[in-house]
Amino acid sequence: MPSKVYNEEDMEAIGSDVIPDSQINYNDAIAYWSSVPASVNGVLGGFGEQTAVPKADIVGSSTFLRKLATRMACPDNQTKYTIDMGAGIGRITRDLLWKISDKVDLLEPVKPFVDQMDRELADVAKRGKLGQIYPIGMQDWQPDKQYWLVWCQWCVGQLPDDALVEFWTRCRNALMENGTMIVKENIAPGEEDIFDDTDSSVTRTDAKFRDLFVKAGFKLIASDIQKGLPKELFPVRIYCLKVAT
């Protein structure tokens, strides 16, 4: 699914007797995202290039990755394949991932966003860095290669907990030796996950994420809070994960 920044006013906390992720409906999510503009402003829920969000996001991710460079060394003579999950129009690949990878695949089920990728990623393609584009949802993805990096940003709220663990398990199995998964998501500020009926997604707590990482067979290597975002937004946390041994 495309990336989205959640404003607190857009979130709907549901009752404690209803499990938030049980409300997720894939068709509703696709319908919502297909209705928004295929632009940075559209995929970021109105926090586009007229705001500080896109630049702060990329700077934060780049800084985080630089700190982890020695932990992410690629085995000799292997291609550094990356996959951008829920890639939207390809913003993160366009502004960051191609610079650190040999080849970047993208996964995105929303057709207008996939169509926009030809324009957004033209320069990446000219540089020979654009890999395959998978026009499917995360729940349907079956890896066909080994990846150096799996990038999940502002997309996993579209999957219920059980489906997310299954998806991350496939991600884990698709990592090459010393491969890495990065997860960057909004964090619910309280002790409960929060359902958003606008795009049929869940914002999870930090504790929930850490629990699901373990269930999917990952160990947490590093984590940090994204800086420089508007104060009215929920916190955004980035996680670096390796296969648990």
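This report describes the sheet, the helices packed on it, the nonpolar cores and a few single residues of one predicted model.

Because the model is predicted, local features need pLDDT of at least 70, side-chain atom pairs count only at pLDDT 80 or more, and totals for chains, interfaces and linings use all residues. Residues are numbered from 1 along each chain as its sequence is written, and side-chain values use heavy atoms, with hydrogens and water left out.

**The sheet**

Helices (H or I, at least four residues) and strands (E, at least two) are DSSP runs, numbered from the N terminus. Seven strands make up an open sheet of mixed pairing, in the order 3-2-1-4-5-9-8; two strands pair if DSSP finds at least two bridges between them. Strand 3 (130–134) and strand 8 (218–225) are the edge strands, each pairing on one side only. From one strand to the next the twist averages 15°. Strand 8 runs antiparallel to strand 9 (residues 236–243), and seven bridges join the two. In strand 9, Cys240 stands opposite Ala222.

**Helices on the sheet**

Helix 8 (residues 206–215) packs on the sheet and touches strand 5, strand 8 and strand 9; its direction makes about 15° with that of strand 9. Helix 3 (residues 53–67) lies across strand 4 (147–153), strand 5 (175–186), strand 8 and strand 9, and runs at about 145° to strand 5. For these angles, axes are lines fitted to C-alpha atoms, for helices over the stretch in contact, and angles run from 0 to 180 degrees between N-to-C directions. Contact means heavy atoms within 4.5 Å.

**Nonpolar cores**

A nonpolar core is a set of buried Ala, Val, Leu, Ile, Met, Phe, Trp, Tyr and Cys residues joined through side-chain atoms within 4.5 Å. The largest has 30 residues, of which Met85, Cys152, Phe167 and Trp168 touch the most other members. Two or more residues come from each of strand 1, strand 4, helix 7 (161–173), strand 5, helix 8 and strand 9. Helix 7 gives the most, with six residues. Not counting residues up to four places away in sequence, Trp168 touches Cys152, Val156, Met181, Val183, Phe209, Leu212, Phe213, Ala216 and Phe218. A second, separate core of 22 residues includes Trp98, Leu121, Trp148 and Ile182.

**Single residues**

An unreviewed UniProt entry places the feature "binding site" at Gly86, Arg91, Met138, Gln139 and Gln153. UniProt positions are given in the numbering used here, feature names are shortened, and annotations may be inferred rather than shown by experiment. Gly86 is found in the loop between strand 1 (81–85) and helix 4 (91–100), and Arg91 lies in helix 4. Asp199 sits in the loop between strand 6 (194–196) and strand 7 (201–203), while Ile58 belongs to helix 3.

The table gives relative accessible areas; buried means under 20%, exposed over 50%, and partly exposed in between (1.4 Å probe, protein chains only).

| Residue | Relative accessible area | State |
|---|---|---|
| Gly86 | 3% | buried |
| Arg91 | 3% | buried |
| Asp199 | 0% | buried |
| Ile58 | 12% | buried |

A polar contact is a pair of N or O atoms within 3.5 Å; within protein, one must be able to donate a hydrogen and the other to accept it, and residues adjacent in sequence count only if both atoms are side-chain atoms. The side chains of Arg91 and Asp57 are joined by such a contact of 2.9 Å, and those of Asp199 and Ser201 by one of 2.7 Å. Leaving aside neighbours within four places in sequence, Ile58 is in contact with Arg91, Asp95 and Leu96. Ile58 and Arg91 are 33 residues apart in sequence and 9.6 Å apart in space, C-alpha to C-alpha.
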